[in-house]
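Please study the protein chain displayed here. The briefing that follows describes its fold, its core and its charged pairs.

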Amino acid sequence: MATREKRLAQFDGSGEPPPGQTVEVLCEDHSGTYQLPFPCFYIDGKWHNKESGGALEATVIGWRFPRSRYDERSGRRPQPSFVADRASSY
């Protein structure tokens, strides 16, 4: 299991992200740290779910710009689904 420090090191955003910028967030509760499975954005002092627009009710402790994940089976780095979905709508 990843330690809190290791997870925080992966979320290297400092301060606040640019308003409205889509990011990945790391949250923490009484059970530990976890990454939300959906993109988020920060605006007017509040974190929001990019998909629903709703305000988060989680404690965000770190953020980072979206990263692609390495697919060991294909040897490729696919785009995160929320980036791919946005690109296909143009």
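**Briefing on the protein chain**

Arg-4 counts as partly exposed, at 37% relative accessibility; partly exposed lies between buried (under 20% relative accessible area) and exposed (over 50%), with a 1.4 Å probe and protein chains only. This is a predicted model, in which local features need pLDDT of at least 70 and side-chain atom pairs count only at pLDDT 80 or more, while totals for chains, interfaces and linings use all residues. Residues are numbered from 1 along each chain as its sequence is written, and side-chain values use heavy atoms, with hydrogens and water left out.

**Overall fold**

- The protein chain contains two helices and five strands; helices (H or I, at least four residues) and strands (E, at least two) are DSSP runs, numbered from the N terminus.
- Along the sequence, these elements follow the pattern α-β-β-β-β-β-α.
- The protein chain has 90 residues, and 26% of them are buried.
- Of the contacts (heavy atoms within 4.5 Å) between residues at least 6 apart in sequence, 49% join residues at least 24 apart.
- The protein chain exposes about 6400 Å², of which carbon and sulfur atoms supply 48%; accessible areas come from the Shrake-Rupley method with a 1.4 Å probe, and for residues only the protein chains shown count as cover.

**Nonpolar core**

- A nonpolar core is a set of buried Ala, Val, Leu, Ile, Met, Phe, Trp, Tyr and Cys residues joined through side-chain atoms within 4.5 Å.
- The largest nonpolar core has nine residues in all: Val-23, Val-25, Cys-27, Leu-36, Cys-40, Tyr-42, Trp-47, Leu-56 and Trp-63.
- Strand E1 (24-29) and strand E3 (40-43) are the elements that give two or more residues to this core.
- Leu-36 is in contact with Val-25, Cys-27 and Leu-56, when its neighbours within four places in sequence are left aside.
- In soluble globular proteins, nonpolar side chains tend to be buried together.

**Cysteines**

- The count of disulfides comes to zero, where a disulfide is a pair of cysteine sulfur atoms within 2.5 Å.
- Cys-27 is buried, with a relative accessible area of 0%, and Cys-40 is buried with a relative accessible area of 0%.

**Salt bridge between Glu-28 and Arg-4**

- The protein chain has three salt bridges; a salt bridge is a side-chain nitrogen of Lys or Arg within 4 Å of a carboxyl oxygen of Asp or Glu.
- In one of them, Glu-28 pairs with Arg-4, and the closest N and O atoms are 2.5 Å apart.
- This pair links distant parts of the chain, with Glu-28 in strand E1 and Arg-4 in helix H1, 24 residues apart.
- The C-alpha atoms of Glu-28 and Arg-4 are separated by 9.1 Å.
- Glu-28 is partly exposed, with a relative accessible area of 25%.
- Not counting residues up to four places away in sequence, Glu-28 touches Arg-4, Thr-33, Tyr-34, Thr-59 and Ile-61.

**Salt bridge between Asp-12 and Arg-67**

- Asp-12 and Arg-67 meet through their side chains in a salt bridge (3.4 Å, N to O).
- This pair also links distant parts of the chain: Asp-12 is in the loop between H1 and E1, and Arg-67 is in the loop between strand E5 (59-64) and helix H2 (81-88), 55 residues apart.
- Asp-12 counts as exposed at 53% relative accessibility, whereas Arg-67 is partly exposed with a relative accessible area of 34%.
- Not counting residues up to four places away in sequence, Asp-12 touches Trp-63, Arg-64 and Arg-67.
- Asp-12 and Trp-63 are 51 residues apart in sequence, yet their C-alpha atoms are 6.5 Å apart in space.

**Salt bridge between Glu-24 and Arg-64**

- The side chains of Glu-24 and Arg-64 form a salt bridge (2.6 Å, N to O).
- Glu-24 lies in strand E1 and Arg-64 in strand E5, so this pair ties together parts that are 40 residues apart in sequence.
- Are Glu-24 and Arg-64 buried or exposed? Both residues are buried.
- Side chains of opposite charge can pair when their charged atoms come close.
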